[in-house]
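Please brief me on this protein model. Keep it short, and group the points by topic.

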Amino acid sequence: MSNPASTGLFINGQRETGQDVRIGNVTAALAVANIVKSSLGPVGLDKMLVDDIGDVLITNDGATILKSLEVEHPAARVLVDLANLQDQEVGDGTTSVVIIASELLRRGNDLVKNGIHPTTIISGYRSALKAAVSYIKKQMVVNVAELGDEHLINAAKTSMSSKIIGKESDFFSKLAVDAVKSVKMNATAADVAGYDAMGASSRDAETPAAATTKSGKQRYKYPLSAIHILKAHGKSSMDSHLIDGGFAINAMRAAQGMPTFVESAEEGNPVKIAMLDMNLQRHRMGMGVQVIVKDPAEIERIKKREMDITRERIRKIIDAGAKVVLTTKGVDDLCMKYFVEAGIICARRCNREDLKRLAKATGGRVVTTMADMEGNETFDPESLGGCDSVREVRIGDGEMLYVYGCKGHGASTIVLRGANEYMLDEMDRALHDSLCVVKRMLESSTLVPGGGAAEAALSVYLDDYANTIKSREQMVIQEYADALLVIPKTLSVNAAKDASELVAKLRSIHAKGQHSEDDADDALKFMGLNLVDGTIRDNLLAGVVEPAISKIKSLRFATEAAITILRIDDRITLNDDKGLQ
């Protein structure tokens with residue numbers, strides 16, 4: 001820590017420079033990584049986080065753990081942001097990206113201590129990343145032109161193997177694949193350009209983006225926002241179910257006199273749903289409006305007119321053909337009476353986000369006001385959504401409205417059942433990761449073997465690649481190659497296996513596969529860890545796979561984060577101005 005006055009910088013704060021700041025940054029980054037390290041892999045452990053008001057969160061999702069921590073150190077915050085970025089972009093691999101980044105930082109710091117300039121380390125890391133991504137795309141990626149359900153289910157199982165639903169992965173992986181496939185839509189040229197820019201598809205990288213492949217086949221997108229996940233207490237997790245082409249909303253009828261179900265009377269005449277974001281209550285005078293009445297009979301007429309305004313509004317909604325009315329605001333007894341008389345299902349205080357999803361699913365839109373351009377009140381029938389039937393179903397302690405046969409774009413709802421709030425929240429997070437993985441695989445049609453296979457292959461390849469470099473970067477690339485082995489090592493340690501022996505065996509098998517002339521040894525590049533038996537196996541055949549984009553993105557993000565922190569050689573912490581006054 002240097003004194004500002006001695007440097008000629010008269011600043012109101014403290015300055016930390018050189019190796020001191022680097023050691024501080026690396027120590028903070030390693031502290032963050034060590035928190036999530038033990039949660040990696042199919043036998044990873046969970047973390048219990050208790051906040052200041054006593055709320056408990058039990059999870060082993062890296063991004064969720066780091067998001068819940070109040071990290072103050074600026075370098076450690078980079079890793080928290082890194083996990084969030086991986087969660088947004090890919091949805092899975094949040095723990096491994098933090099572990100790789102911290103290992104790269106630790107090794108980079110050791111190189112600096114040995115006299116290698118940070119600029120050389122940064123350029124070496126960039127060269128290693130470029131070579132690694134190139135090797136993955138050329139050698140490790142398996143193109144699955146027409147992805148069968150088997151590959152998708154295997155990827156979903158791999159994703160949820162470390163989560164609370166890992167034991168029931170057969171059931172939940174099928175649920176995740178069916179849910180993603182149910183929201184299939186035609187992709188536009190812009191969507192396809194986005195896939196290729198993300199490095200999702202190496203085969204189409206040279207061709208201009210188009211909504212179809214070379215063979216003229218339409219490419220598709222799978223918007224996860226169309227999948228609605230609803231959590232309900234009670235029963236076991238195996239009683240969770242998917243409403244394909246339907247939608248469930250956590251709301252119930254506003255009055256007992258309303259029907260419990262409505263269905264279309266004939267084909268081609270769907271049940272119409274009105275989705276409102278406004279109050280359905282008796283009309284009241286605006287604030288600050290004064291009405292001076294001399295005749296008492298006028299008061300009765302004003303009250304009657306207020307009731308008439310409300311009745312006219314509801315009559316317009318009913319005349320438009322609505323059989324179900326859902327609103328985010330309140331519905332008073334007067335309005336309820338009109339709905340009960342008309343035999344309409346009405347639900348109040350619905351979640352706004354749920355209504356937006358339902359509007360998309362049924363082909364309608366959420367109405368915020370009935371005023372038109374002329375100032376008159378009208379209700380446009382075009383804003384009504386359509387479906388085959390709406391039914392109130394008892395789930396757990398309460399009721400939910402199930403909407404079947406939605407007429408808009410693909411939509412589906414997964415209703416999760418579980419013993420308590422903590423379990424349901426963790427199931428939701430685990431399922432979200434699996435849905436993201438299935439979506440990425442369907443959009444990119446590429447996968448790589450998991451279980452440390454890709455990291456071990458890259459480590460052997462980069463070691464050989466480093467020997468072709470004639471500058472100081474050779475040492476840096478060798479360190480990068482060794483840093484990648486942190487994933488198989490951590491997986492082995494968490495599984496209570498001998499990490500040194502397993503990783504040495506894995507490296508020797510990959511070295512044999514890469515250096516052998518025999519074509520039969522080419523499949524050795526898919527060899528990875530079997531953490532249950534503590535052996536090496538072909539993970540592609542075993543079904544331990546993940547999307548190629550997940551592996552490529554995690555390498556890119558981890559390297560960029562490590563470079564960002566290694567660049568820093570000076571930190572000035574300003575004092576609070578209030579202390580001076």
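Three strands make up an open sheet with mixed pairing, in the order β7-β18-β8. Its edge strands are β7 (227-233) and β8 (241-244), and each pairs on one side only. On average, neighbouring strands of this sheet are turned by 20° against each other, direction ignored. This is a predicted model: local features need pLDDT of at least 70, side-chain atom pairs count only at pLDDT 80 or more, and totals for chains, interfaces and linings use all residues. Residues are numbered from 1 along each chain as its sequence is written, and side-chain values use heavy atoms, with hydrogens and water left out.

**Terms for strands and helices**
- Helices (H or I, at least four residues) and strands (E, at least two) are DSSP runs, numbered from the N terminus.
- Two strands pair if DSSP finds at least two bridges between them.
- Strands of a sheet pair through backbone hydrogen bonds, either parallel or antiparallel.
- Angles run from 0 to 180 degrees between N-to-C directions, and axes are lines fitted to C-alpha atoms, for helices over the stretch in contact.

**The mixed sheet**
- β7 pairs with strand β18 (residues 412-418) in the parallel sense, over seven bridges.
- Ile-229 has Ile-414 in β18 as its bridge partner.

**The antiparallel sheet**
- Another open sheet has three strands in the order β4-β19-β22, and the pairing is antiparallel.
- Here the edge strands are β4 (142-143) and β22 (545-547), each pairing on one side only.
- Strand β19 (residues 446-449) runs antiparallel to β22, and three bridges join them.
- Val-448 stands opposite Glu-546 in β22.

**Leu-502 in helix α16**
- Helix α16 (residues 499-515) holds Leu-502.
- Leu-502 is buried, with a relative accessible area of 5% (buried means under 20%, exposed over 50%, partly exposed in between, with a 1.4 Å probe and protein chains only).
- Leaving aside neighbours within four places in sequence, the contacts of Leu-502 include Ser-492, Lys-497, Leu-529 and Ile-536 (contact means heavy atoms within 4.5 Å).
- Lys-489 is 13 residues from Leu-502 in sequence, and their C-alpha atoms are 8.2 Å apart in space.

**Val-289 in a loop**
- Val-289 lies in the loop between β11 (271-276) and α9 (296-319).
- Val-289 is partly exposed, with a relative accessible area of 47%.
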